[in-house]
Amino acid sequence: MLSRHQDPIIAIATAPGRGAVGIVRISGPHLKTWADAFCGKPLQARQAHYLPFNDNKGEPIDQGLAIFFPGPHSYTGEDVLELQAHGGPVVLQLLIARCIELAESVNPHTGKVLLQGLRLAQAGEFTRRAFLNDKIDLAQAEAIADLIDASTSAAARSASRSLAGVFSQEIHTLRDSLVHLRMLVEATLDFPEEEIDFLQKADAQGQLERLQKQLEKVLVRTQQGALLREGIKVVIAGQPNAGKSSLLNALAGAELAIVTPIAGTTRDVVQQTIQIEGVPIHIIDTAGLREGEGIDEVEQIGIQRAWTQIAGADAVLFLHDLTRRHDPEYFQADHTIQESLAAQLPHGVTVLNVWNKFDLAPEAATPRTHNNTANDIDLSAKTGVGIDQLRAKLLQTAGWQPASEGLYLARARHVQALKRVQCHIEMADAHLRAQAQSLDLLAEELRLSQTALNEITGEFNADDLLGVIFSSFCIGK
(Lines give C-alpha, C1' and ligand atoms only; values in the text may rest on other atoms or scores of the structure.)
Protein backbone atom coordinates (compact mmCIF):
# COMPACT_ATOMS: atom_id res chain seq x y z
CA MET A 1 0.00 0.00 0.00
CA LEU A 2 2.91 2.38 0.62
CA SER A 3 3.69 2.51 -3.12
CA ARG A 4 0.17 3.89 -3.71
CA HIS A 5 -0.02 6.34 -0.83
CA GLN A 6 -0.33 9.32 -3.21
CA ASP A 7 -3.49 7.95 -4.87
CA PRO A 8 -6.71 9.82 -4.07
CA ILE A 9 -8.95 7.57 -1.96
CA ILE A 10 -12.64 7.45 -1.12
CA ALA A 11 -14.74 5.61 1.46
CA ILE A 12 -17.86 5.77 3.60
CA ALA A 13 -16.76 7.23 6.93
CA THR A 14 -19.87 6.40 8.97
CA ALA A 15 -20.94 3.09 10.47
CA PRO A 16 -22.64 0.50 8.24
CA GLY A 17 -26.44 0.52 8.09
CA ARG A 18 -29.12 3.16 7.94
CA GLY A 19 -28.84 6.47 9.75
CA ALA A 20 -29.93 10.07 9.67
CA VAL A 21 -26.59 11.16 8.20
CA GLY A 22 -23.95 9.34 6.20
CA ILE A 23 -20.52 10.69 5.29
CA VAL A 24 -18.42 9.97 2.23
CA ARG A 25 -14.80 11.07 2.62
CA ILE A 26 -12.31 11.70 -0.18
CA SER A 27 -8.61 12.44 0.42
CA GLY A 28 -5.70 13.09 -1.91
CA PRO A 29 -3.48 15.76 -3.41
CA HIS A 30 -4.97 18.39 -5.73
CA LEU A 31 -8.66 17.63 -5.17
CA LYS A 32 -9.94 21.17 -5.64
CA THR A 33 -10.71 21.12 -9.37
CA TRP A 34 -12.47 17.76 -9.15
CA ALA A 35 -14.35 18.77 -5.96
CA ASP A 36 -15.65 21.95 -7.61
CA ALA A 37 -16.75 19.93 -10.65
CA PHE A 38 -18.57 17.37 -8.51
CA CYS A 39 -20.37 20.01 -6.46
CA GLY A 40 -21.10 22.26 -9.47
CA LYS A 41 -19.66 25.34 -7.78
CA PRO A 42 -16.40 26.62 -6.30
CA LEU A 43 -16.05 25.49 -2.69
CA GLN A 44 -14.74 27.79 0.01
CA ALA A 45 -12.28 26.22 2.44
CA ARG A 46 -13.80 24.81 5.64
CA GLN A 47 -17.29 26.13 4.85
CA ALA A 48 -20.42 23.97 4.66
CA HIS A 49 -22.17 24.20 1.29
CA TYR A 50 -25.74 22.91 1.00
CA LEU A 51 -26.26 21.63 -2.52
CA PRO A 52 -27.57 18.74 -4.65
CA PHE A 53 -25.32 15.77 -5.40
CA ASN A 54 -26.12 15.04 -9.04
CA ASP A 55 -25.56 11.96 -11.20
CA ASN A 56 -24.06 12.05 -14.70
CA LYS A 57 -27.41 13.12 -16.15
CA GLY A 58 -27.76 16.07 -13.79
CA GLU A 59 -30.43 14.34 -11.72
CA PRO A 60 -29.99 14.64 -7.93
CA ILE A 61 -28.88 11.53 -6.05
CA ASP A 62 -29.45 13.42 -2.80
CA GLN A 63 -29.03 16.84 -1.25
CA GLY A 64 -26.60 17.50 1.56
CA LEU A 65 -23.50 19.32 2.77
CA ALA A 66 -20.09 19.47 1.13
CA ILE A 67 -17.07 20.65 3.11
CA PHE A 68 -13.64 21.09 1.57
CA PHE A 69 -10.50 21.01 3.76
CA PRO A 70 -7.37 22.05 1.85
CA GLY A 71 -4.18 20.34 2.90
CA PRO A 72 -2.17 20.40 5.04
CA HIS A 73 -4.91 21.66 7.39
CA SER A 74 -7.03 18.53 7.28
CA TYR A 75 -7.32 15.17 9.01
CA THR A 76 -4.97 13.41 6.59
CA GLY A 77 -2.75 16.38 5.77
CA GLU A 78 -3.97 16.21 2.15
CA ASP A 79 -6.93 17.89 0.47
CA VAL A 80 -10.09 16.35 1.92
CA LEU A 81 -13.70 16.58 0.74
CA GLU A 82 -16.52 15.38 3.01
CA LEU A 83 -19.97 14.79 1.59
CA GLN A 84 -22.73 14.59 4.21
CA ALA A 85 -25.89 13.01 2.85
CA HIS A 86 -28.78 10.95 4.20
CA GLY A 87 -27.45 7.77 5.75
CA GLY A 88 -28.95 5.13 3.50
CA PRO A 89 -26.48 2.52 2.23
CA VAL A 90 -27.75 2.78 -1.36
CA VAL A 91 -27.44 6.58 -1.38
CA LEU A 92 -23.86 6.47 -0.13
CA GLN A 93 -22.85 3.79 -2.63
CA LEU A 94 -24.38 5.85 -5.44
CA LEU A 95 -22.34 8.85 -4.29
CA ILE A 96 -19.14 6.81 -4.33
CA ALA A 97 -19.90 5.45 -7.79
CA ARG A 98 -20.55 8.98 -9.09
CA CYS A 99 -17.34 10.31 -7.51
CA ILE A 100 -15.24 7.61 -9.19
CA GLU A 101 -17.08 8.06 -12.49
CA LEU A 102 -16.46 11.82 -12.51
CA ALA A 103 -12.81 11.35 -11.52
CA GLU A 104 -12.26 9.40 -14.75
CA SER A 105 -13.78 12.19 -16.85
CA VAL A 106 -11.58 14.49 -18.91
CA ASN A 107 -11.12 18.09 -17.84
CA PRO A 108 -12.23 20.15 -20.92
CA HIS A 109 -9.76 22.93 -20.06
CA THR A 110 -6.64 20.77 -19.72
CA GLY A 111 -7.53 17.64 -21.65
CA LYS A 112 -6.44 15.51 -18.70
CA VAL A 113 -8.36 13.17 -16.43
CA LEU A 114 -9.99 15.16 -13.62
CA LEU A 115 -8.68 13.02 -10.77
CA GLN A 116 -6.24 10.32 -11.78
CA GLY A 117 -6.43 7.03 -9.85
CA LEU A 118 -9.29 7.65 -7.40
CA ARG A 119 -9.89 4.32 -5.64
CA LEU A 120 -11.63 2.82 -2.63
CA ALA A 121 -9.63 3.24 0.57
CA GLN A 122 -8.22 0.28 2.43
CA ALA A 123 -8.80 -0.29 6.14
CA GLY A 124 -7.21 2.47 8.20
CA GLU A 125 -5.79 4.26 5.18
CA PHE A 126 -7.08 7.73 6.09
CA THR A 127 -5.47 7.54 9.52
CA ARG A 128 -2.34 5.99 8.03
CA ARG A 129 -1.99 9.03 5.79
CA ALA A 130 -2.43 11.30 8.79
CA PHE A 131 0.50 9.44 10.37
CA LEU A 132 2.65 9.51 7.24
CA ASN A 133 1.98 13.24 6.83
CA ASP A 134 3.02 13.95 10.45
CA LYS A 135 -0.43 14.99 11.60
CA ILE A 136 -0.29 12.40 14.40
CA ASP A 137 2.23 9.89 15.69
CA LEU A 138 1.69 6.14 15.83
CA ALA A 139 0.49 6.08 19.45
CA GLN A 140 -2.12 8.74 18.63
CA ALA A 141 -3.21 6.81 15.54
CA GLU A 142 -3.83 3.73 17.67
CA ALA A 143 -5.74 5.89 20.14
CA ILE A 144 -8.24 6.77 17.39
CA ALA A 145 -9.15 3.11 16.97
CA ASP A 146 -9.22 2.65 20.74
CA LEU A 147 -11.57 5.62 21.16
CA ILE A 148 -13.95 4.15 18.57
CA ASP A 149 -13.83 0.72 20.23
CA ALA A 150 -14.05 2.00 23.83
CA SER A 151 -16.70 0.05 25.76
CA THR A 152 -16.59 2.08 28.98
CA SER A 153 -16.44 5.76 29.87
CA ALA A 154 -13.07 5.21 31.57
CA ALA A 155 -11.62 3.67 28.41
CA ALA A 156 -13.06 6.46 26.25
CA ARG A 157 -11.58 9.20 28.46
CA SER A 158 -8.21 7.46 28.54
CA ALA A 159 -8.18 6.95 24.77
CA SER A 160 -9.03 10.63 24.34
CA ARG A 161 -5.99 11.57 26.46
CA SER A 162 -3.79 9.35 24.31
CA LEU A 163 -5.21 10.96 21.17
CA ALA A 164 -4.48 14.40 22.64
CA GLY A 165 -0.84 13.33 22.95
CA VAL A 166 -0.48 12.79 26.71
CA PHE A 167 1.15 9.37 26.30
CA SER A 168 3.26 10.55 23.35
CA GLN A 169 4.53 13.51 25.37
CA GLU A 170 5.78 11.19 28.11
CA ILE A 171 7.58 9.07 25.51
CA HIS A 172 9.09 12.19 23.92
CA THR A 173 10.32 13.39 27.33
CA LEU A 174 12.01 10.04 27.89
CA ARG A 175 13.51 10.13 24.43
CA ASP A 176 14.86 13.68 24.89
CA SER A 177 16.62 12.64 28.10
CA LEU A 178 17.99 9.57 26.37
CA VAL A 179 19.19 11.53 23.33
CA HIS A 180 20.99 14.03 25.58
CA LEU A 181 22.78 11.20 27.35
CA ARG A 182 23.61 9.50 24.04
CA MET A 183 25.13 12.70 22.68
CA LEU A 184 27.25 12.99 25.79
CA VAL A 185 28.54 9.43 25.55
CA GLU A 186 29.07 9.53 21.77
CA ALA A 187 31.10 12.73 22.13
CA THR A 188 33.46 11.12 24.62
CA LEU A 189 34.28 8.29 22.20
CA ASP A 190 36.37 10.78 20.18
CA PHE A 191 38.44 11.70 23.24
CA PRO A 192 39.34 8.41 24.97
CA GLU A 193 42.01 9.99 27.15
CA GLU A 194 39.46 12.31 28.78
CA GLU A 195 36.25 10.26 28.65
CA ILE A 196 35.99 9.23 32.31
CA ASP A 197 36.59 12.70 33.72
CA PHE A 198 34.24 14.17 31.13
CA LEU A 199 31.41 11.78 32.00
CA GLN A 200 31.88 12.35 35.70
CA LYS A 201 31.80 16.14 35.31
CA ALA A 202 28.64 15.86 33.21
CA ASP A 203 27.05 13.64 35.89
CA ALA A 204 26.33 10.89 33.37
CA GLN A 205 25.61 8.43 36.18
CA GLY A 206 23.11 10.81 37.77
CA GLN A 207 21.41 11.41 34.41
CA LEU A 208 21.09 7.69 33.83
CA GLU A 209 19.62 7.09 37.29
CA ARG A 210 17.07 9.86 36.79
CA LEU A 211 16.19 8.37 33.42
CA GLN A 212 15.62 4.97 35.06
CA LYS A 213 13.27 6.46 37.67
CA GLN A 214 11.39 8.39 35.00
CA LEU A 215 11.08 5.25 32.87
CA GLU A 216 9.75 3.23 35.81
CA LYS A 217 6.93 5.73 36.38
CA VAL A 218 5.97 5.75 32.71
CA LEU A 219 6.03 1.93 32.59
CA VAL A 220 3.66 1.65 35.56
CA ARG A 221 1.20 4.09 33.98
CA THR A 222 1.48 2.34 30.63
CA GLN A 223 0.76 -1.03 32.21
CA GLN A 224 -2.36 0.48 33.79
CA GLY A 225 -3.43 1.90 30.43
CA ALA A 226 -2.88 -1.45 28.70
CA LEU A 227 -4.91 -3.19 31.39
CA LEU A 228 -7.76 -0.73 30.89
CA ARG A 229 -7.74 -1.53 27.18
CA GLU A 230 -6.95 -5.25 27.11
CA GLY A 231 -8.43 -6.42 30.44
CA ILE A 232 -7.63 -9.87 31.81
CA LYS A 233 -8.83 -13.38 30.99
CA VAL A 234 -10.26 -15.17 34.01
CA VAL A 235 -11.23 -18.86 33.79
CA ILE A 236 -13.60 -20.50 36.26
CA ALA A 237 -12.51 -24.11 36.88
CA GLY A 238 -13.48 -26.88 39.26
CA GLN A 239 -15.37 -30.10 39.67
CA PRO A 240 -18.93 -30.56 38.35
CA ASN A 241 -21.70 -28.97 40.42
CA ALA A 242 -19.34 -26.66 42.35
CA GLY A 243 -21.38 -23.72 41.06
CA LYS A 244 -19.21 -22.44 38.20
CA SER A 245 -22.13 -21.42 36.00
CA SER A 246 -23.88 -19.79 38.95
CA LEU A 247 -20.72 -17.80 39.67
CA LEU A 248 -20.52 -16.64 36.04
CA ASN A 249 -24.14 -15.50 36.23
CA ALA A 250 -23.52 -13.72 39.54
CA LEU A 251 -20.47 -11.87 38.23
CA ALA A 252 -22.20 -10.93 34.98
CA GLY A 253 -25.48 -10.00 36.65
CA ALA A 254 -27.43 -12.02 34.07
CA GLU A 255 -28.54 -15.60 33.45
CA LEU A 256 -25.97 -16.47 30.81
CA ALA A 257 -25.25 -20.10 31.65
CA ILE A 258 -27.70 -22.93 32.32
CA VAL A 259 -27.69 -23.98 35.96
CA THR A 260 -28.99 -27.40 37.04
CA PRO A 261 -28.10 -29.91 39.77
CA ILE A 262 -27.12 -32.41 37.06
CA ALA A 263 -23.37 -33.02 36.85
CA GLY A 264 -21.90 -32.16 33.46
CA THR A 265 -24.57 -29.63 32.45
CA THR A 266 -21.91 -27.27 31.06
CA ARG A 267 -20.36 -29.05 28.08
CA ASP A 268 -18.71 -26.12 26.31
CA VAL A 269 -17.04 -22.81 27.00
CA VAL A 270 -19.29 -19.87 27.95
CA GLN A 271 -17.69 -16.42 27.93
CA GLN A 272 -18.80 -12.99 29.09
CA THR A 273 -16.94 -9.71 29.49
CA ILE A 274 -17.80 -7.67 32.56
CA GLN A 275 -16.54 -4.28 33.71
CA ILE A 276 -15.08 -3.68 37.15
CA GLU A 277 -14.18 -0.02 37.69
CA GLY A 278 -13.88 0.30 33.92
CA VAL A 279 -11.46 -2.63 33.58
CA PRO A 280 -12.64 -5.38 31.18
CA ILE A 281 -12.68 -8.79 32.84
CA HIS A 282 -13.20 -11.64 30.36
CA ILE A 283 -14.87 -14.37 32.44
CA ILE A 284 -14.91 -17.89 30.99
CA ASP A 285 -17.05 -20.71 32.41
CA THR A 286 -15.82 -24.20 31.58
CA ALA A 287 -16.98 -27.78 31.84
CA GLY A 288 -16.52 -29.51 35.20
CA LEU A 289 -13.14 -31.20 35.58
CA ARG A 290 -13.33 -34.85 36.49
CA GLU A 291 -11.87 -38.26 35.64
CA GLY A 292 -13.09 -41.86 35.69
CA GLU A 293 -16.05 -43.72 34.27
CA GLY A 294 -19.37 -42.23 33.19
CA ILE A 295 -17.89 -39.47 31.03
CA ASP A 296 -19.33 -39.48 27.52
CA GLU A 297 -17.50 -38.23 24.43
CA VAL A 298 -19.15 -34.79 24.41
CA GLU A 299 -18.29 -34.11 28.04
CA GLN A 300 -14.70 -35.28 27.43
CA ILE A 301 -14.35 -32.74 24.63
CA GLY A 302 -15.68 -30.07 27.01
CA ILE A 303 -13.08 -31.03 29.63
CA GLN A 304 -10.30 -30.81 27.05
CA ARG A 305 -11.50 -27.36 26.00
CA ALA A 306 -11.57 -26.33 29.66
CA TRP A 307 -7.89 -27.19 30.06
CA THR A 308 -7.11 -25.29 26.86
CA GLN A 309 -8.78 -22.18 28.27
CA ILE A 310 -7.02 -22.61 31.60
CA ALA A 311 -3.63 -22.77 29.88
CA GLY A 312 -4.22 -19.31 28.37
CA ALA A 313 -5.68 -17.65 31.47
CA ASP A 314 -4.33 -14.58 33.25
CA ALA A 315 -6.02 -15.80 36.44
CA VAL A 316 -7.95 -18.93 37.45
CA LEU A 317 -10.88 -19.10 39.85
CA PHE A 318 -10.60 -22.61 41.30
CA LEU A 319 -14.12 -23.17 42.60
CA HIS A 320 -14.70 -25.47 45.59
CA ASP A 321 -17.95 -26.69 47.12
CA LEU A 322 -18.07 -25.98 50.88
CA THR A 323 -20.88 -28.48 51.37
CA ARG A 324 -18.60 -31.30 50.17
CA ARG A 325 -15.42 -30.10 51.81
CA HIS A 326 -15.22 -33.05 54.24
CA ASP A 327 -16.01 -35.68 51.59
CA PRO A 328 -12.71 -37.65 51.15
CA GLU A 329 -13.44 -38.49 47.51
CA TYR A 330 -14.28 -34.87 46.69
CA PHE A 331 -11.24 -33.60 48.60
CA GLN A 332 -8.94 -35.96 46.68
CA ALA A 333 -10.37 -34.90 43.33
CA ASP A 334 -9.81 -31.24 44.24
CA HIS A 335 -6.23 -32.09 45.21
CA THR A 336 -5.67 -33.75 41.83
CA ILE A 337 -6.96 -30.67 40.00
CA GLN A 338 -4.73 -28.46 42.13
CA GLU A 339 -1.67 -30.49 41.14
CA SER A 340 -2.64 -30.30 37.45
CA LEU A 341 -3.06 -26.53 37.69
CA ALA A 342 0.36 -26.17 39.27
CA ALA A 343 1.92 -28.29 36.53
CA GLN A 344 0.20 -26.69 33.52
CA LEU A 345 -0.16 -23.02 34.37
CA PRO A 346 2.63 -20.64 33.32
CA HIS A 347 4.62 -18.97 36.07
CA GLY A 348 2.92 -15.90 37.50
CA VAL A 349 -0.69 -16.91 36.82
CA THR A 350 -2.71 -16.42 40.00
CA VAL A 351 -5.05 -19.14 41.23
CA LEU A 352 -7.80 -17.91 43.55
CA ASN A 353 -9.47 -20.58 45.69
CA VAL A 354 -13.14 -19.64 45.69
CA TRP A 355 -15.27 -21.55 48.24
CA ASN A 356 -18.85 -21.48 47.05
CA LYS A 357 -22.21 -22.28 48.74
CA PHE A 358 -21.35 -20.33 51.87
CA ASP A 359 -25.11 -19.87 52.40
CA LEU A 360 -25.51 -23.66 52.84
CA ALA A 361 -22.43 -24.34 54.98
CA PRO A 362 -21.16 -21.19 56.71
CA GLU A 363 -19.65 -23.22 59.55
CA ALA A 364 -17.37 -25.08 57.09
CA ALA A 365 -15.59 -21.86 56.15
CA THR A 366 -14.59 -20.68 59.62
CA PRO A 367 -11.58 -22.86 60.44
CA ARG A 368 -10.26 -22.74 56.89
CA THR A 369 -10.46 -18.95 56.70
CA HIS A 370 -8.26 -18.56 59.78
CA ASN A 371 -5.56 -20.89 58.50
CA ASN A 372 -5.37 -20.34 54.75
CA THR A 373 -3.84 -17.79 52.40
CA ALA A 374 -5.15 -14.45 51.17
CA ASN A 375 -6.07 -16.11 47.88
CA ASP A 376 -9.07 -17.88 49.49
CA ILE A 377 -12.51 -16.29 49.25
CA ASP A 378 -15.79 -17.49 50.75
CA LEU A 379 -18.91 -16.61 48.80
CA SER A 380 -22.36 -17.64 47.76
CA ALA A 381 -23.07 -17.34 44.07
CA LYS A 382 -26.76 -17.79 44.91
CA THR A 383 -27.14 -14.98 47.47
CA GLY A 384 -24.30 -12.73 46.29
CA VAL A 385 -22.36 -12.81 49.57
CA GLY A 386 -18.66 -12.34 48.83
CA ILE A 387 -19.12 -11.37 45.16
CA ASP A 388 -17.90 -7.79 45.76
CA GLN A 389 -14.86 -9.15 47.58
CA LEU A 390 -14.12 -11.39 44.59
CA ARG A 391 -14.43 -8.46 42.17
CA ALA A 392 -11.98 -6.44 44.26
CA LYS A 393 -9.62 -9.40 44.39
CA LEU A 394 -9.72 -9.76 40.61
CA LEU A 395 -8.70 -6.12 40.19
CA GLN A 396 -5.91 -6.60 42.70
CA THR A 397 -4.74 -9.71 40.87
CA ALA A 398 -4.69 -7.80 37.59
CA GLY A 399 -2.51 -5.11 39.14
CA TRP A 400 -5.11 -2.36 38.81
CA GLN A 401 -4.58 0.80 40.87
CA PRO A 402 -7.96 2.49 41.38
CA ALA A 403 -6.39 5.81 42.33
CA SER A 404 -4.86 6.26 38.86
CA GLU A 405 -5.61 9.80 37.65
CA GLY A 406 -5.23 11.20 34.15
CA LEU A 407 -4.68 7.70 32.78
CA TYR A 408 -4.04 7.25 29.08
CA LEU A 409 -4.91 4.14 27.11
CA ALA A 410 -2.00 1.96 25.98
CA ARG A 411 -1.42 -1.35 24.26
CA ALA A 412 0.50 -4.51 25.04
CA ARG A 413 3.11 -3.60 22.43
CA HIS A 414 3.79 -0.32 24.24
CA VAL A 415 4.42 -2.19 27.48
CA GLN A 416 6.72 -4.66 25.72
CA ALA A 417 8.69 -1.83 24.10
CA LEU A 418 9.15 -0.04 27.43
CA LYS A 419 10.30 -3.26 29.08
CA ARG A 420 12.95 -3.61 26.37
CA VAL A 421 14.00 -0.04 27.04
CA GLN A 422 14.27 -0.88 30.72
CA CYS A 423 16.51 -3.89 30.00
CA HIS A 424 18.81 -1.85 27.75
CA ILE A 425 19.03 0.95 30.33
CA GLU A 426 19.98 -1.56 33.03
CA MET A 427 22.74 -2.89 30.79
CA ALA A 428 23.86 0.67 30.05
CA ASP A 429 24.07 1.34 33.78
CA ALA A 430 26.28 -1.71 34.25
CA HIS A 431 28.60 -0.61 31.42
CA LEU A 432 28.80 2.93 32.80
CA ARG A 433 29.83 1.64 36.20
CA ALA A 434 32.54 -0.42 34.43
CA GLN A 435 33.81 2.93 33.07
CA ALA A 436 36.16 3.25 30.08
CA GLN A 437 36.40 -0.42 29.15
CA SER A 438 32.70 -0.58 28.23
CA LEU A 439 32.01 2.88 26.84
CA ASP A 440 31.29 1.63 23.31
CA LEU A 441 28.89 -0.97 24.75
CA LEU A 442 27.23 1.76 26.80
CA ALA A 443 26.65 3.79 23.63
CA GLU A 444 25.13 0.77 21.89
CA GLU A 445 22.71 0.03 24.74
CA LEU A 446 21.55 3.64 24.72
CA ARG A 447 21.02 3.44 20.95
CA LEU A 448 18.94 0.28 21.32
CA SER A 449 16.91 1.99 24.05
CA GLN A 450 16.07 4.87 21.75
CA THR A 451 15.14 2.47 18.95
CA ALA A 452 12.66 0.71 21.25
CA LEU A 453 11.14 4.04 22.29
CA ASN A 454 10.80 5.11 18.67
CA GLU A 455 8.71 2.01 17.98
CA ILE A 456 5.98 3.40 20.22
CA THR A 457 5.50 6.73 18.44
CA GLY A 458 6.61 5.47 15.02
CA GLU A 459 9.59 7.70 14.31
CA PHE A 460 11.30 4.61 12.92
CA ASN A 461 9.13 1.67 12.07
CA ALA A 462 8.90 -1.27 9.71
CA ASP A 463 6.21 -1.27 7.03
CA ASP A 464 4.86 -4.61 8.20
CA LEU A 465 4.22 -3.20 11.69
CA LEU A 466 2.29 -0.30 10.17
CA GLY A 467 0.27 -2.75 8.12
CA VAL A 468 -0.71 -4.78 11.18
CA ILE A 469 -1.74 -1.70 13.15
CA PHE A 470 -3.80 0.06 10.49
CA SER A 471 -5.45 -3.07 9.10
CA SER A 472 -7.54 -3.25 12.27
CA PHE A 473 -9.20 0.11 11.50
CA CYS A 474 -12.55 0.49 9.82
CA ILE A 475 -12.50 1.44 6.13
CA GLY A 476 -13.57 5.08 6.57
CA LYS A 477 -10.79 5.79 9.04
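**Figure 1. Contacts, surface and secondary structure of the protein chain in the predicted model.** Among the contacts in the protein chain with a separation of 6 or more, 68% are accounted for by residues 24 or more positions apart. The chain has 477 residues, of which 46% count as buried. Its accessible surface comes to about 23200 Å², and carbon and sulfur atoms contribute 53% of that area. The secondary structure of the protein chain consists of 16 helices and twelve strands.

**Figure 2. An open sheet of six strands.** The strands follow the order S3-S4-S5-S2-S1-S6, and their pairing is mixed. The edges of the sheet are held by strand S3 (48-54) and strand S6 (119-120); each has a single partner strand, so one side of each is left without a neighbour in the sheet. In general, the strands of a sheet pair through backbone hydrogen bonds, in either a parallel or an antiparallel sense.

**Figure 3. The pairing of strands S4 and S5.** Strand S4 comprises residues 60-69 and strand S5 comprises residues 79-87. The two strands pair in the antiparallel sense, over five bridges. Phe 69 has Val 80, in S5, as its bridge partner.

**Figure 4. Helix H3 and the residue Asp 134.** Helix H3 spans residues 125-132, and seven of its eight residues are buried, so the helix is largely enclosed by the rest of the structure. The criterion for a buried residue is a relative accessible area under 20%. The buried residues of H3 are Glu 125, Phe 126, Thr 127, Arg 128, Arg 129, Ala 130 and Phe 131. Just after H3, Asp 134 adopts a positive phi of about 65 degrees.

**Figure 5. The largest cavity and its lining.** A search of the whole structure finds one cavity of 30 Å³ or more. The volume of the largest cavity is about 40 Å³. Two or more lining residues are given by each of helix H6 (166-188), helix H8 (204-230) and helix H14 (412-433). The lining is made up of Leu 174, Leu 178, Leu 211, Leu 215, Val 421, Ile 425 and Leu 453. By class, the residues that line the largest cavity are seven nonpolar, no polar and no charged.

Methods: Residues are numbered from 1 along each chain as its sequence is written. This is a predicted model: local features need pLDDT of at least 70, side-chain atom pairs count only at pLDDT 80 or more; totals for chains, interfaces and linings use all residues. Side-chain values use heavy atoms; hydrogens and water are left out. On a 1 Å grid over the protein atoms alone, a cavity is a set of points where a 1.4 Å probe fits but cannot get out, and a pocket is an open set with protein on both sides within 12 Å along at least five of seven lines; lining residues have an atom within 4 Å of a point. Grid points are joined across faces, edges and corners, and a volume is the space filled by probe spheres set on the points. Helices (H or I, at least four residues) and strands (E, at least two) are DSSP runs, numbered from the N terminus. Ala, Val, Leu, Ile, Met, Phe, Trp, Tyr, Cys and Pro count as nonpolar, Asp, Glu, Lys and Arg as charged, and the others, Gly among them, as polar. Two strands pair if DSSP finds at least two bridges between them. Buried means under 20% relative accessible area, exposed over 50%, partly exposed in between (1.4 Å probe, protein chains only). Contact means heavy atoms within 4.5 Å. Accessible areas come from the Shrake-Rupley method with a 1.4 Å probe; for residues, only the protein chains shown count as cover.
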